[in-house]
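Dear colleague,

Please find the structure below. My notes on its pockets follow.

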Amino acid sequence: MMTVFEEKLSRIPETIRLSVDVPTAALATVVTKAADRPAIAIGSGGSAVAAEFLSHCRRTAGHGLTMVMTPMDLVMSDLQLHNASIWLFSAGADNPDIMAAHRAAKALKPSQIVLMTTNAEGAVTAVAQDAGDDVHVLPVADRKDGFLATHSMMAMVTALLTAFDGSVTGSWDRRDRLIEELAEGAAYTRQGSARFGKPVPFRRDDTVIILHDAFTRAVAVLLETSLWETGIAPVQRTDFRNFAHGRHVWMAKHLDRTLVAALTTLDAAPVWSAVGEALPPELRKLALEFGQGGRLRVAKGIASGLHLIADLGGVAGIDPGRPGRGDFAEAVYGSRALDDLAKAMTPQVRQKLRTRLAVDAAEDRQDGSLCVAARGRLDSLRDAEFDAIVLDYDGTLVDTERRLDAPDTKIVDELVRLAEAGIRIGIATGRGGSAGEMLRKVLPDHLHRDVVIGYYNGGHLRTLDVDIDHDAPVQDENVLEAGRWIEERGILAPEATLKVGRLQIALDKAKLADPASFAGTMALCPAVVSGGVLIRTSGHSHDVVARSCSKLAVIENLVSGLSSDDGCVLRIGDSGGEDGNDSEMLAGPFGISVGSGCGTSDGAWSLFGDASAGPDALLLILGALEVENGRARLAIERLGLDAGDQ
């Protein structure tokens, strides 16, 4: 009498042959389209084997780098994947983790999302189709995989095998032959311990060490997940040489209860031979060879791996198709915690996490979860009533690349709307008089006396109606000293002209003689060492500013002119990094970055992450400010921030 698992295996050839009806050309087009891009392959359990097989197919076809991840890896990823393709593998396409993975994939905005499933009615299938993703629903002879993935996995493997063959050769002449050869290799017959032409020296209660090379990983992953999940054997999986770097204490103490299974291709066989010969002769070993490790050979190896699992289950007295389960298994599997995390990983959280990890900010346990901090920050912005708004200029009001152009008329219109409704406007800029000159051209004359500008990073405060060409600040001696140091050390390229201002020296990043050594050289400047000047960074320049300069001065000026003590000032800038010239201004609950952020929870945050930045992001924020009785509230719901709920 056949076990449940053997019954599943007996119909695998039917599923493989159903691939004749799969529109392979469409899948091959997807494969070819993604050839030069990096790819992320996502899967859990049996679907992880399909993900590994995709990686193997891309490697052997000469395609771009492929990373295999679990859904949780993707959800917590801080990678920028705009040029990548993300492949999702799931039999049912309806478990909480694949939902989380698809949600994360959409949030990461890759160039392509591909879903392979066998369930046309899956929740993720429907969502992915509605989103315009590449969805491939594969036929199977048996819709119910059982405890282990069988039919769904082999359907995915077959579809990938034929699609890559068509993509590489540009022909479908071999498709039917490949399908038939794989189906014949997958035909299951009960052969016990002699399936591979030699006894399989497995004993009940063995620990199985699975060793593999670069081309047999997919088969190794199948054996690892299946033997462990069914309780047939505890398993360790690694490649030959990673295994060689261990001290093997467990194995040495349990030689009589250990089986080493080596999965090797022909070229890697000498590596296994060297390892195998060094192991104790009494240690039981099973070496399986997979030719050159081509796509068809590995696909057949996956099918043979299923047969081996059935054989080992017979020795252990366990039916891999019905091994039982822990009482807690369903609760663990059905948890929606990862999907909840995917919803909470909004673009602003991802950008903050990326920045925090990049600068390796000191961990402060009081900071807590960034997801929680982000929700709290949005609540603070939503609940606040703003009497004033302070804006950076370059990178915020205007694009850094077009900083000499006037601000967009839509932004100007929003500023006029807010100012005429009673909201005080402040500009905190690293520029000198050019910022005021441009704003006087675009803002109505009657508003000039009400707009406060902090020139030179807040070092010189005047209202917009004042032309600072006729009202210049006093020369700071520390700035002069820093200027002499810069000139003596040749920090600027020879063709560049050094202009030393009264409160600031703006050094164009593109005109530095050696950008890599700039920070180290300036750290030795006596004026910097004494604290007489500070280094602030914007999108296009490093600003050497007098210590008295601070963009906070603009905020303090506006607050001092408010009629109430509980007034709030909204602050928006683009350089919120640790050394950015907006970092002080954007710290606290009412600062918003439309560019870079910093690594601390209470520092600069973006609202949109990478989705929108600069003047585009500013326009969205200004447009969402609703004014009533001289105070503005930020209508968060109008910003479309709940990407996790889409």
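The residues lining the largest pocket divide into 19 nonpolar, 18 polar and 10 charged. Here Ala, Val, Leu, Ile, Met, Phe, Trp, Tyr, Cys and Pro count as nonpolar, Asp, Glu, Lys and Arg as charged, and the others, Gly among them, as polar.

This is a predicted model, in which local features need pLDDT of at least 70 and side-chain atom pairs count only at pLDDT 80 or more, while totals for chains, interfaces and linings use all residues. Residues are numbered from 1 along each chain as its sequence is written, and side-chain values use heavy atoms, with hydrogens and water left out.

A pocket is an open set of points on a 1 Å grid over the protein atoms alone, where a 1.4 Å probe fits, with protein on both sides within 12 Å along at least five of seven lines; lining residues have an atom within 4 Å of a point. The largest pocket holds about 1,700 Å³ of space, a volume being the space filled by probe spheres set on the points, which are joined across faces, edges and corners. Its lining has 47 residues, and Ser44, Gly45, Phe147, Glu229 and Tyr333 are the closest to its centre. The largest share of this lining, 6 residues, comes from α10 (helices are DSSP runs of H or I, at least four residues, and strands runs of E, at least two, numbered from the N terminus).

The second largest pocket holds about 990 Å³. Among its 36 lining residues, Arg431, Gly432, Lys499, Gln504 and Ala506 lie nearest its centre. Strand β14 gives the most to this lining, with 5 residues.

Yours sincerely
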